[in-house]
Every structure is written in structure tokens, then in C-alpha cells.
Amino acid sequence: MGLFPMFLKLAGRRCLVVGAGGIAESKIESLLRADAEVTVVAPYGKPSVEQWAAQGALRWKRRSFETADVKGMFLVIAGTDQQSVNHTVAVQARKRGIMVNSVDDPPDCDFYYPSVVRRGDLEIAISTAGQSPALAQQLRKRIDGMLDADTGQWLDALGNLRREVMAELPLGEERKELLHKLIFREVCGEAFCPSRRMAQEEIARIKTQAKEAR
Ligand SMILES: C[C@@]1(CC(=O)O)c2cc3[nH]c(cc4nc(cc5[nH]c(cc(n2)[C@H]1CCC(=O)O)[C@@](C)(CC(=O)O)[C@@H]5CCC(=O)O)C(CC(=O)O)=C4CCC(=O)O)c(CCC(=O)O)c3CC(=O)O
Ligand SMILES: NC(=O)C1=CN([C@@H]2O[C@H](COP(=O)(O)OP(=O)(O)OC[C@H]3O[C@@H](n4cnc5c(N)ncnc54)[C@H](O)[C@@H]3O)[C@@H](O)[C@H]2O)C=CC1
């Protein structure tokens, strides 16, 4: 089945997780990481969920699921150990056009959770479309081993430098070429960073050339 890959902005969006056990816990954690506004509905749950609720990171309604819980939600996760409850949650969400993920029930999922490798703002998400979550997990570990621990910091510095280049040069082939060159070099946040110096020299050269051409 063809799946459409995307990275959602969930900050400030209301997301419902039904269930607070081991499986729901991991689903909740990834929603919190994306700054979603999480509501959990479950009569009992893991200590970590308790802690998040106590810290105000999420809202926990300690009771069984009720149909009205899905109202106004952007995303819904059905993560209880009761298949019939998960199915009801999925049906109620879909009735209102809300995307749902139901653990253990691929036909009831509008989207799947991927395996994710993270280094700061760099996120590599792996999907096998439900064919083999174990393979997704193994590939995640292999890719994780290939990436340096400081890739996130490097990406931050690269992003800053890219914004500087974009502010100085107009859209065009030369800017694109320079941005391609920069990714092959180490970039740091410091003013003496050789890549930053190279970028500044290139910007000056391109600007002079443009002036001379006028
Ligand atoms: C369809 C999907 C729906 C969804 O959950 O979104 C789904 C469904 C099911 N998973 C099952 C089993 C396992 N799931 C894992 C692990 C993960 N499962 C994840 C996602 C997905 N799982 C979605 C598809 C993603 C894709 O294929 O790309 C990951 C990637 C992300 C996450 O969960 O956050 C996370 C790895 C995270 C990481 O470590 O990187 C393991 C490994 C283990 O536990 O050791 C096993 C046992 C080994 C095996 O089965 O391969 C079962 C049978 C349950 C049973 O037997 O009762 C079903 C139901 C079915 O297949 O019918
Ligand atoms: N544990 C695992 O490794 C895996 C588990 N699964 C499946 O995921 C499901 C959940 O597993 P766990 O989180 O380990 O279960 P769990 O037993 O730890 O948690 C179940 C949760 O569901 C909640 N719940 C039960 N009835 C409810 C209702 N009517 N309304 C709202 N909440 C309700 C409970 O309060 C509890 O928080 C199971 O069906 C399991 O088969 C799937 C893949 C792997």
C-alpha cells in the first residue's frame, strides 16, 4: 500500500490518547516531544503518565472512554488493551473526520507510527507499512549507529549559516551551489568557523560579480 510520508506540526494541537499502559506511554511520549496538547483517557496507567499529568504536561481523565472524548481533537490514538474499545475509538474519530491510530489494528489506522532516528532537528522516520515493525526497528538501530552524536548541533550551525546566506544572496543557481558546498564541510557556531568564512568570501565574490555585470 502506498503511504504518504509527512512530518506534522503538532504544537498546540489537541491530541487524544485512549489508554495509559506501556504501549500508550510510548505513543504519548512522542506526542509530547512534538509539543502537542495531550489528553489521556484511561482508568489506570503507567507511573510516567502519572508524572506527566502531575507536571501539567498533559491532562489525564481517569475513567473509561466516552464517545464525546474525541470531540475537537486533531489526532486520536486508540491504545488500550481492549480491541473492542480501540475499535469504537477509531469509529468515533473517523465519523468526525479525525485521523486515528489504533494499536494492533492496521485496518483501523489512518496513519502508522514510524521508527525514528533523532539528532536534534534531524529526524529519519522509517516505515515498512506494517509489513515488519521488527525490520523497521533493526534499521533504526543500524542508521543510528551511522550518525555522529553531534549531528544535531552541526545541523543547527548549518541552519544558521544557511539563513545568513539566504539573507545575503538572491534566489538562484549561485546560492544553491553555495548551499550544496556548505553541507560537505564541518560547520560550527563560532565566528572563526572556516565554513562561515568560506560562505562570506563566496557571498562577497558573487556580489562583486553581479555589480560588475551591471
Ligand atoms: C502497523 C503499526 C501500527 C502502529 O502502531 O502505528 C504496528 C502494528 C503492530 N506492531 C506489532 C508488533 C511489534 N511492533 C513493534 C515495534 C514497533 N511498532 C511500530 C509501529 C507499528 N506497529 C506500525 C507499523 C510500522 C511499520 O511497519 O513501519 C514502531 C515502528 C513505532 C512505534 O510503535 O512507535 C515500533 C518500533 C519502534 C522502534 O523501536 O524503533 C515490535 C518490536 C518489538 O516490540 O520488539 C513488534 C514485535 C515484532 C513484529 O511484529 O515485527 C503488531 C503485532 C502485535 C502482536 O503480535 O500482538 C502490530 C499489529 C499487526 O501487525 O497486526
Ligand atoms: N506490550 C507490547 O509489547 C505490545 C502490546 N501490544 C498491544 O497493545 C495493547 C496495549 O498494551 P499495553 O499498553 O501493554 O496494555 P496495558 O495493560 O499496560 O494497558 C492497558 C491500558 O488500557 C486502559 N484501558 C482499558 N480499558 C479502557 C477503556 N475502556 N477506556 C480507556 N482506557 C482503557 C487501561 O487503563 C490501561 O491504561 C494490547 O492490546 C497489546 O496486545 C501491541 C504490540 C506490542
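**Notes on a predicted model**

L58 counts as buried, at 8% relative accessibility; buried means under 20% relative accessible area, exposed over 50%, and partly exposed in between, with a 1.4 Å probe and protein chains only. Before I go on, the ground rules. This is a predicted model, in which local features need pLDDT of at least 70 and side-chain atom pairs count only at pLDDT 80 or more, while totals for chains, interfaces and linings use all residues. Residues are numbered from 1 along each chain as its sequence is written, chains are lettered from A and ligands numbered from 1 in the order in which they are written, and side-chain values use heavy atoms, with hydrogens and water left out.

Back to L58. This residue is in strand β3. Helices (H or I, at least four residues) and strands (E, at least two) are DSSP runs, numbered from the N terminus. What does L58 touch, not counting residues up to four places away in sequence? The list is I28, L32, V38, V40, V49, W52 and A53, where contact means heavy atoms within 4.5 Å. L155 sits 97 residues from L58 along the chain, and their C-alpha atoms are separated by 30 Å.

V49 and W52 bring us to helix α2, residues 47–55, where the buried residues are S48, V49 and W52. Why are they on the same side of α2? Because they cover an arc of only 100° around the axis; the arc is that of the directions from the helix axis to the C-beta atoms. The general rule is that an α-helix has 3.6 residues a turn, so residues three or four places apart point the same way. On the other side of α2, the exposed residues are P47, Q51 and A54. What do the buried residues of α2 pack against? They pack against α1 (22–33), β2 (37–41) and β3 (58–61). After α2 comes G56, with a positive phi near 80°.

Next, V18, in strand β1, residues 14–18. V18 is buried, with a relative accessible area of 1%. Leaving out residues up to four places away in sequence, V18 touches V41, F65, I77, A78, G79, T80 and V89. V18 and N86 are 68 residues apart along the chain, with 8.0 Å between their C-alpha atoms.

Is D69 buried or exposed? D69 counts as buried, at 7% relative accessibility. Its side chain makes a polar contact of 2.7 Å with the side chain of R63. A polar contact is a pair of N or O atoms within 3.5 Å; within protein, one must be able to donate a hydrogen and the other to accept it, and residues adjacent in sequence count only if both atoms are side-chain atoms. Setting aside neighbours within four places in sequence, D69 is in contact with L16, V41, K61, R63 and S64.

Now the ligands. Around ligand 1 there are 17 residues, the closest being N101, S115, T128, G130 and R140; a residue counts as near if one of its heavy atoms lies within 4 Å. Which element gives the largest share of that shell? Helix α4, residues 133–146, with 4 residues. An oxygen atom of ligand 1 is 2.5 Å from an N or O atom in the side chain of T128, and for the side chain of K27 the distance is 3.0 Å. A backbone N or O atom of A134 also lies 3.0 Å from a ligand 1 oxygen atom. On its own, ligand 1 has 1100 Å² of accessible area, and the protein covers 62% of it, by the Shrake-Rupley method with a 1.4 Å probe.

Ligand 2 is surrounded by 19 residues, the closest being A20, I23, Y44, F65 and D104. A polar backbone atom of Y44 is 2.6 Å from an oxygen atom of ligand 2, and a backbone N or O atom of G21 lies 3.2 Å from one. Taken alone, ligand 2 exposes 830 Å², of which the protein buries 66%.

Last, D104 itself, in the loop between β5 (99–102) and β6 (115–119). D104 is not a glycine, although its phi is positive, about 75°. At 69% relative accessibility, D104 counts as exposed.
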